[in-house]
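Hi,

Here's the structure I said I'd pass on.

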Amino acid sequence: MHSTGYIIKFTVIMTIISGLILSGMFYATEPIAKKNAAVFKKRAILSSISSLLDKPLAQMSDDEVLDLFANKMEQKVLNMKGEVVEGKAEDLSMAAEAKLPEAERKLPLFIYDSKDGKINIIGVYGNGLWDKIWGYIALKSDNKTIAGASFDHKGETPGLGAEIKDDPTFSYHFIGKSIMDDAGKYTSVKVMKKVTDPAHQVDGIGGATLTGNGVTEMLVRGIKYYLPYFEKNKN
Amino acid sequence: MSGKEEKKPLFGPKEKRLLWDPINDNNPVTVQVLGVCSALAVTSLVYKSVVMAIAVIFVVAFSNLITSLIRNYIPSQVRMIAQLVIIATLVTIVELTLKAANYAIYKELSVFIGLIITNCIVMGRLEAFAMGNSPWRSFLDGIGNGLGYGVILIIVGIIRELFGKGTLFAGSPIQLNIIGKSNDLVHYWIDTSPGSMMSWYSNNGLLALPVSSLFLIGIIIWVQRGKNKKLVDVS
């Protein structure tokens with residue numbers, strides 16, 4: 001049996017050693033981890049315009065991604081009235097904004113300077129089947145036609161709902177859809193089991209109806225938030 | 001501890017058994033039925049299983065080694081806490097490393113890396129083996145048990161991903177698209193799009209769910225007991 005004094009000494013020394021190791025480790029890896037997190041988010045945004053990039057996203061290095069954001073991407077933060085407010089879109093957390101009352105939320109807007117004009121990339125955030133889902137929708141300069149989309153999720157079922165992120169076909173189907181009808185009324189884009197209106201509907205994923213419904217709800221509500229801004233900035 | 005240290009070969013038959021026993025005769029998952037929780041959760045993709053297996057091998061091996069090195073100094077009253085501190089330190093090191101080295105897979109595995117701390121295999125080996133054996137043998141025992149866990153994880157992962165999603169190593173740089181509907185974006189080796197010979201085939205959605213690994217582990221236990229006479233109860 002060890003004495004109480006020994007036990008206290010042992011635990012104190014052990015705690016100090018492990019504390020030192022971990023804090024050293026943390027400070028050594030933190031800058032890299034921070035950069036990784038930023039690049040991860042930027043890649044998600046870029047994958048919504050992957051068909052417009054000069055080279056495939058997977059082949060772009062981390063520095064090229066950061067470079068593109070620094071040079072060809074304009075960032076704006078909007079309020080719910082469609083006015084530009086101060087801030088940088090990449091620093092805005094859609095998860096935190098979603099907790100605020102609807103009228104006080106802020107919206108991220110990325111404007112990509114592509115060969116065929118400015119592309120507005122908007123952020124949407126909603127509920128999937130199990131947990132939160134979010135995505136980025138790229139709109140052509142007419143602010144109607146979708147140029148691309150990308151989605152991510154926190155905890156959808158792998159192989160089913162998670163395919164909104166994993167299956168590139170799903171987001172590919174969004175390209176060319178219109179969020180307005182011919183009369184200029186807002187219709188959004190919906191994920192359907194059976195597509196009856198190909199201009200505004202997208203084929204869902206088999207076995208993931210509820211996640212698909214979540215995406216639909218997210219798009220109908222989320223894209224609408226940006227309409228005041230588009231109205232004010234008509235070309 | 002025994003004072004006499006005989007001259008023994010560094011890697012004799014006994015050491016070999018330390019490595020091989022946990023892979024078959026004394027497998028931590030299928031024979032001792034430990035660590036099943038994470039085996040259910042992370043096996044939806046092979047890539048995730050492989051990373052998790054490596055993480056667990058690292059944690060078990062080094063926590064065994066460290067515990068064994070200081071086993072004579074650990075007061076028995078606080079030995080569990082001491083073991084936990086060692087495990088938690090190592091798991092945090094793994095987490096920080098992963099965050100810096102591959103952020104995407106860190107996001108995928110999310111809480112399950114942290115939950116290695118509660119994996120019964122790790123704590124079990126420290127209590128049952130490392131507290132009473134030499135560092136080198138404890139290290140081998142740790143690698144053996146980590147491998148035993150990892151092998152099951154990877155077997156389940158391969159079956160679940162191949163038949164649940166139609167791919168192998170999805171998410172990694174060497175993703176293989178085995179079976180599914182080919183289109184302009186994704187090409188599968190075996191095409192199941194309408195009109196092709198394999199059009200009757202579709203992925204099994206059940207295998208995408210965690211519950212399927214329970215069945216798969218059950219089947220693995222069944223097959224293993226059928227083949228390995230040592231595991232059959234005599235009574």
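**What I found**

In chain B, residues 24 or more positions apart account for 70% of the contacts with a separation of 6 or more. Keep in mind that this is a predicted model.

Staying with chain B, you can count 10 helices and four strands. If you trace the chain from the N terminus, the order is α-α-α-α-α-α-α-α-β-β-β-β-α-α. Its C-alpha atoms fill a box of roughly 75 × 50 × 30 Å along the principal axes, and buried residues make up 37% of the 235 residues in the chain.

Next, where the two chains meet: 27 residues of chain B are in contact with 26 residues of chain A. On the chain B side, α4 (79-101), α5 (103-109) and α9 (205-208) each supply at least two of the touching residues. The largest share, nine residues, comes from α4(B). Sorted by type, that side of chain B has 16 nonpolar, nine polar and two charged residues.

Now over to chain A and its strand β1 (residues 73-79). Seven bridges join β1(A) to β3(A) (residues 106-114), and the two strands run antiparallel. One pair to look up is A:Glu74 with its bridge partner A:Ile111 in β3(A). β1(A) is also joined to β2(A) (residues 84-85), again antiparallel, by two bridges. There, A:Val77 stands opposite A:Val85. β1(A) and β2(A) form a hairpin with four residues between them. In the turn, check out A:Gly82, which has a positive phi of about 90 degrees.

Cheers

Technical notes
Residues are numbered from 1 along each chain as its sequence is written. Chains are lettered from A and ligands numbered from 1 in the order in which they are written. This is a predicted model: local features need pLDDT of at least 70, side-chain atom pairs count only at pLDDT 80 or more; totals for chains, interfaces and linings use all residues. Two residues are in contact if their C-beta atoms, placed from the backbone, lie within 7 Å. Ala, Val, Leu, Ile, Met, Phe, Trp, Tyr, Cys and Pro count as nonpolar, Asp, Glu, Lys and Arg as charged, and the others, Gly among them, as polar. A residue is buried if 20 or more other C-beta atoms lie within 10 Å of its own, exposed if 12 or fewer, and partly exposed in between; C-beta atoms are placed from the backbone. Two strands pair if DSSP finds at least two bridges between them.
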